[in-house]
Amino acid sequence: MKTRLLTTILALMPALAGMGAPSVALYPTSVYPGEKTSLTVSLDTDGESVTSLQFDLDLPSWAVAGDATLDNTLTNTHQAVTARMVGGALRVMVYSATNATISDGTLVTLPIAVGESVMAGDYTVNAHDIIIVSPEAVSWNQEDSSTTITIKEQPIVEVAELSCTLSLDGEDLEVTKSGVVTLSVDPADSPHPVAVQIDLIADDLTLSDFTLNADLISTHKFSIGDVDGKTRVIIYSMTNATIDVADLLSFIVTAPDVEGMASVVTSGGLMVDAQMLSYPLPDSTLSIEVKGSSKVESIDVEPNTTLNVWYNLQGQRLANPPTTPGVYITNGNKVLIK
């Protein structure tokens, strides 16, 4: 209802053309296929008082547009409305219920999603039927304004000689006993990665207690998720900080109560640098021998009678045999010194 009313009001207002009229401008943007970008629209008041405006956008057929977002300077005084018109154009309207004025600068931004199959090239965005209105109900009809959205070519990834290795800290795991596994990436020709993604396939083993390398905690975050039965590990930086260590994180591997061989396999590994170039990592396998039960039934210890070592009742070792009266321990026996 508000959209129809504002459109009717704008149509009835006296229109002025040329001679120091305010104007709307669109700014170019560029993006890779499969990503999102924003179309920025600005206003030049040319010294006039402006309180509201509307325009229609002709977007490329592949463009999926979201709702227009007002600039922060306008959020308390104005509202923005977007509506798809019958002919396919996207109408954007900015208005104020209190006739508040708009200053020069960014007016709105419009999120644009790009499909992965969109071909590289320059695509035109055209704004037409532009009407700008003053608080005194004077309107200006502006000529069309246009810009381009550039779809960039996906970069060609040159695969460096990279290796991804899993190393086990300790001997072969035993049944019901947990062992620590360190996930390491050792690039021969370092691409200065800022992020790493690796899938882990662990047969019947249980993976838990993932811990990021202490040297990465201040610059990176990590997430663990299940993807088609695989454990996906993603390490990333919000500030594009590089990963300068080989050991990325460690985790606990718990073996089942069945003897035999098991394995942890890395799959689909990728390293990504600050320029968003990705480097595939070769798969790697860690074999684990699961032995019999590790439960300790009993331990037989033969006393060592050849050592004359003394302890007090607090378990503290004495440098010399005691001379002060009291109870002491030596060779596994309590001895009373009088």
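Modeller: Let us start with Ser96, which lies in the loop between strands β9 and β10 (105-113). Helices (H or I, at least four residues) and strands (E, at least two) are DSSP runs, numbered from the N terminus. This is a predicted model, in which local features need pLDDT of at least 70 and side-chain atom pairs count only at pLDDT 80 or more, while totals for chains, interfaces and linings use all residues. Residues are numbered from 1 along each chain as its sequence is written, and side-chain values use heavy atoms, with hydrogens and water left out.

Biologist: Is Ser96 buried or exposed?

Modeller: Buried means under 20% relative accessible area, exposed over 50%, and partly exposed in between (1.4 Å probe, protein chains only). Ser96 counts as buried because its relative accessibility is 10%.

Biologist: Which backbone nitrogen atoms does the side chain of Ser96 reach?

Modeller: A polar contact is a pair of N or O atoms within 3.5 Å; within protein, one must be able to donate a hydrogen and the other to accept it, and residues adjacent in sequence count only if both atoms are side-chain atoms. The Ser96 side chain reaches the backbone nitrogen of Thr98 at 3.2 Å and that of Ala100 at 3.0 Å.

Biologist: Which residues does Ser96 touch, not counting those up to four places away in sequence?

Modeller: Contact means heavy atoms within 4.5 Å. By that rule, Ser96 touches Thr51, Thr77 and His78.

Biologist: What joins the side chains of Arg91 and Asp56?

Modeller: Their side chains are joined by a polar contact of 2.7 Å. Arg91 lies in strand β9 (residues 90-95), and Arg91 is buried, with a relative accessible area of 12%.

Biologist: How many bridges link strand β5 with strand β11?

Modeller: Two strands pair if DSSP finds at least two bridges between them. Strand β5 (residues 52-58) and strand β11 (residues 121-133) are antiparallel partners over six bridges, and Leu53 has Ile132 as its bridge partner in β11. Strand β11 also pairs in the antiparallel sense with β13 (residues 145-151) over seven bridges and with β12 (residues 139-142) over four.

Biologist: How many residues lie between β11 and β12 in their hairpin?

Modeller: Five residues lie between them, and Ala137 in the turn has a positive phi of about 70°.

Biologist: How many helices and strands are there in the protein?

Modeller: The protein has one helix and 27 strands. Of its 338 residues, 37% are buried.
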